Amino acid sequence: MDNRLRRLSNFDVKAYFGNPYRLPACAVERALIIVVGKKKLWTAAIALLVLAAIAAISVAAAYAYSPGIRKVIVIDAGHGGADGGVTGVNTGVTEAEINLTVARLVATELKALGYETVLTRDDEGEAGVFAENDEAALYNKREEMQRRRDIISAADPLCVISIHCNNFPSPSRRGAQVFYSAGSSGGKALAAIVQSALNKLNTEKTGRTYSALGGDYYILNCTAYPSAIVECGFLSNPEDEKLLTDDGYRALLAVTIARAVNEYVSSSLK
Ligand SMILES: [Zn+2]
């Protein structure tokens with residue numbers, strides 16, 4: 001309060017300030033009026049509030065970030081480049097094409113579930129293991145597989161899912177089958193959950209189920225991250241081939257795999 005007002009409070013205030021008198025503005029308001037002029041007072045106040053909000057969000061984001069809570073999943077689409085993998089018995093569709101389509105759909109679903117995803121290959125010649133300007137990776141299988149390992153190591157993921165399609169001499173063999181490295185307890189747990197989820201599809205679509213199997217595969221053994229190979233079905237079987245070339249079934253497969261990965265991560269982080 002203005003000292004003059006305080007002194008006059010028991011006297012005739014109206015006589016001192018005139019009629020009608022105005023009480024003095026608070027100190028902040030006076031300062032703002034001095035700095036920006038009264039007409040711009042509200043603009044300045046809003047600007048200050050916006051700046052304060054931005055600062056608060058920035059500080060919160062800085063504290064929220066922690067490498068320990070990154071949730072990265074690597075999805076490895078098998079084959080690619082000069083290596084198409086196995087081919088469909090009727091259409092000649094390549095495993096490499098199916099693997100990449102399913103891998104992308106798995107990534108999309110995992111992102112929707114809040115994960116970061118890294119694909120070991122995406123568009124051939126542009127990203128990942130078949131990066132542009134590197135002819136060697138296209139023709140040297142050993143180097144290609146080492147590049148997959150390097151991509152996995154750099155991503156530092158919670159787990160790795162490698163997508164493939166199967167082939168068997170007997171054309172009657174059907175269904176999705178999951179493999180893990182026998183020496184990896186994390187891989188075994190991951191594979192069991194993914195196989196269990198895929199068995200619901202297997203029962204419904206192919207009439208049989210599988211148990212996840214231990215196997216000696218480079219992609220499972222090349223790092224210590226829990227890893228599983230998903231063989232999505234048998235391209236040596238005409239019915240499986242039909243399913244694996246159907247967009248709806250690919251999406252169903254991908255969502256099933258992604259949700260099983262989420263279930264594994266949730267159970268392993270408890
Ligand atoms: Zn394969």
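Six strands form an open sheet in the order E2-E1-E3-E6-E4-E5, with mixed pairing. Two strands count as paired if DSSP finds at least two bridges between them. Strands (E, at least two residues) and helices (H or I, at least four) are DSSP runs, numbered from the N terminus. At the edges lie strand E2 (116-119) and strand E5 (213-214), each of which pairs on one side only. Strands E3 (residues 159-166) and E6 (residues 227-234) run parallel and are joined by six bridges. Asn 166 has Phe 234 in E6 as its bridge partner.

The model is predicted: local features need pLDDT of at least 70, side-chain atom pairs count only at pLDDT 80 or more, and totals for chains, interfaces and linings use all residues. Residues are numbered from 1 along each chain as its sequence is written.

The chain has eleven helices and six strands. Of its 270 residues, 36% count as buried, where buried means 20 or more other C-beta atoms within 10 Å of the residue's own, exposed means 12 or fewer, and partly exposed lies in between, with C-beta atoms placed from the backbone. Residues are in contact if their C-beta atoms, placed from the backbone, lie within 7 Å. Among contacts in the chain with a separation of 6 or more, 71% are between residues 24 or more positions apart.

**Helices on the sheet**

Helix H11 (residues 247-268) lies across strand E1 (72-77), E3 and E6, and runs at about 150° to E3. Axes here are lines fitted to C-alpha atoms, for helices over the stretch in contact, and angles run from 0 to 180 degrees between N-to-C directions.

Two packed helices are described by the angle between their axes and the distance between the axes. The table gives these values for two pairs that involve H11.

| Pair | Angle | Axis distance |
|---|---|---|
| H5 (residues 95-112) and H11 | about 50° | 8 Å |
| H8 and H11 | roughly 140° | within 9 Å |

The angle between H8 and H11 makes H8 oblique to H11; angles under 35 degrees count as roughly parallel, over 145 as roughly antiparallel, 65 to 115 as roughly perpendicular and the rest as oblique. H8 passes H11 in a right-handed crossing, and the crossing of H5 and H11 is right-handed. Right-handed means that the near helix is turned clockwise from the far one by less than a right angle, left-handed anticlockwise.

In the H5 contact, residues including Val 102, Leu 105 and Val 106 of H5 meet residues of H11 that include Ala 254, Ile 257 and Val 261. This contact of H5 with H11 has eleven nonpolar, one polar and two charged residues. Ala, Val, Leu, Ile, Met, Phe, Trp, Tyr, Cys and Pro count as nonpolar, Asp, Glu, Lys and Arg as charged, and the others, Gly among them, as polar.

**Two buried residues**

Arg 148 is in helix H7 (residues 141-155). Arg 148 is buried because 25 other C-beta atoms lie within 10 Å. Beyond its neighbours within four places in sequence, Arg 148 is in contact with Asp 76, Thr 120, Val 129 and Ile 219. Thr 120 is 28 residues away in sequence, with a C-alpha to C-alpha distance of 5.9 Å from Arg 148.

Leu 235 is in the loop between E6 and helix H10 (238-244). Leu 235 counts as buried, with 27 C-beta neighbours inside 10 Å. Not counting residues up to four places away in sequence, Leu 235 touches several residues, among them Val 86, Cys 165, Asn 166 and Leu 244. The C-alpha atoms of Leu 235 and Phe 168 are separated by 8.3 Å, the two residues being 67 apart along the chain.
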